[in-house]
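Dear colleague,

Please find below the structure I am handing over to you. My notes on it follow directly after.

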Amino acid sequence: MKNKKYILWDWNGTIVDDVGIALDAVNMMLRHVQRPEITLEEYRKAMDTPIFLFYEKFFDMEQTDFEWITRRFQSYYKEHQRELSLHEGVKELLDSFAAGDCRQIILSSSSTQIIRHYAQSFGVAGYFEKILGADDLCAAGKIERAIEYFKDNKIPREETVMIGDSVHDFEVSQTLGIDCILISEGHQDIKSLQSCGCPVIKSFKDKKSLNGLI
């Protein structure tokens, strides 16, 4: 897995370290509906796509409006945005890819507008030639957007790698026919990630683990 010229990045949990805020937002809503709070381990083990499948594991979705969940989540996220940070080592990796003339693209289930806002606030927006985000807050259509972009831009799959933090990111890579690297500091547990059979790294700081992968 070398000589990659196209880097397809996931955003939440991969570039930005936001799993703590996400967990706090979920627990805030669980308290509101008087249901038990969950731990980080439970959160990561339950993570699923589409995101509705995750919430139905902890909420009574016949009694809880999914739109209410998405609105409350985004509101909490915005209120606590100062607690967000990039994963350690990711800025250096972005610099390294840019220096090697790699084309970097964000592929995310999050809103394009929201990603652009945070990418600019972190000073990393200039690294990406395209942000393939969603048009709404329902975290849908990631694979479809990627397929369309690859077709329109004739991106060579053998020169492309997906970097993400979830089983769904691996599924995206499989559908596209590209390599994949997963990071275990994000939104899904390492056991689930390792079941994919692709390289799983603990941190972008670990240059030894990354050596030879890209």
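The notes below cover the sheet, the helices beside it and the nonpolar cores.

This is a predicted model, in which local features need pLDDT of at least 70 and side-chain atom pairs count only at pLDDT 80 or more, while totals for chains, interfaces and linings use all residues. Residues are numbered from 1 along each chain as its sequence is written, and side-chain values use heavy atoms, with hydrogens and water left out.

Six strands make up an open sheet with parallel pairing, in the order β5-β4-β1-β6-β7-β8. Strands are DSSP runs of E of at least two residues, and helices are runs of H or I of at least four, numbered from the N terminus; two strands pair if DSSP finds at least two bridges between them. Because β5 (128-134) and β8 (200-201) are at the edges with a single partner strand each, one side of each has no neighbour in the sheet. Strand β4 (residues 103-111) is joined to β5 by five bridges, and Ile 105 stands opposite Lys 130 in β5.

Helix α6 (residues 112-121) lies across β4 and β5, at about 125° to β4 (axes are lines fitted to C-alpha atoms, for helices over the stretch in contact, with angles from 0 to 180 degrees between N-to-C directions).

The largest nonpolar core has 52 residues. Such a core is a set of buried Ala, Val, Leu, Ile, Met, Phe, Trp, Tyr and Cys residues joined through side-chain atoms within 4.5 Å, buried meaning under 20% relative accessible area (1.4 Å probe, protein chains only). Its largest share, nine residues, comes from helix α1 (residues 19-32).

Yours sincerely

Definitions and conventions
Contact means heavy atoms within 4.5 Å. Buried means under 20% relative accessible area, exposed over 50%, partly exposed in between (1.4 Å probe, protein chains only).
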